Amino acid sequence: MAPMAPPTTRPRKTVQDFLALPDDVRAELIDGELYVTPSPRPRHQDAAGRIYRALLGWADTTGAGAVYVAPLDVHLPSGDVVQPDVLFVRTEHASIVSDWVRGAPDLAVEVVSPAGRMRDRIVKRDLYARNGISAYWIADPEERSIEILRLEGASYRPEAFVTGEQDLVTPALPGLCIPLTSVFR
């Protein structure tokens, strides 16, 4: 029996590899791997847009910070580069926003799609926790739900699971109230 060849490993990708991609390529750099994804479907975009609009209205009214919608590169302290569907940066952390976001936003929102379900629920959740993003929301258009996670120590703990006719409220964003019926139509 001939000896088996060692498995081939791909070299880890770097930020330079990421930046060399054409501008029209939707990609993220996570743990040395480039994830290239097709454009989102209308249902995904509708939910992301409605969450963005609700957060933007709240942030403009309260002066709490700035809200952004993908595509916008977020260069995390770990060296990973992601594009959360929606993100929020408190006014006191505005210095992390320049040509891109360079640091950990205060909130990252991912709207799951069928192809990225496990990446959003496991890979990105762990990545965001490692990088100190204090709140992570996982919106699921199929389940018509939003899971609110709060960073506690080095990992997230569930704060709320909002579904159906419920309103999304969180002590982390005082005064914010998003009826889920306005997000998932």
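Biologist: Among contacts in the protein chain between residues at least 6 apart in sequence, what percentage join residues at least 24 apart?

Modeller: This is a predicted model, in which local features need pLDDT of at least 70, side-chain atom pairs count only at pLDDT 80 or more, and totals for chains, interfaces and linings use all residues. Residues are numbered from 1 along each chain as its sequence is written, and side-chain values use heavy atoms, with hydrogens and water left out. A contact means heavy atoms within 4.5 Å. Of the contacts between residues at least 6 apart, the share joining residues at least 24 apart is 49%.

Biologist: Why does the radius of gyration of the protein chain agree with that of a compact globule?

Modeller: The radius is taken over C-alpha atoms, and the globule rule is 2.2 Å times the number of residues to the power 0.38. For 185 residues a compact globule would have a value near 16 Å; the chain agrees because its radius of gyration is 17 Å.

Biologist: How many of the residues, as a percentage, count as buried?

Modeller: Buried means under 20% relative accessible area, with a 1.4 Å probe and protein chains only. Of the 185 residues, the buried share is 41%.

Biologist: Which residue in β2 does Glu 28 stand opposite?

Modeller: Strands pair if DSSP finds at least two bridges between them. Strand β1 (residues 27-30) and strand β2 (residues 33-36) pair in the antiparallel sense over four bridges. In β2, the residue opposite Glu 28 is Tyr 35.

How values were computed
Helices (H or I, at least four residues) and strands (E, at least two) are DSSP runs, numbered from the N terminus. Buried means under 20% relative accessible area, exposed over 50%, partly exposed in between (1.4 Å probe, protein chains only).
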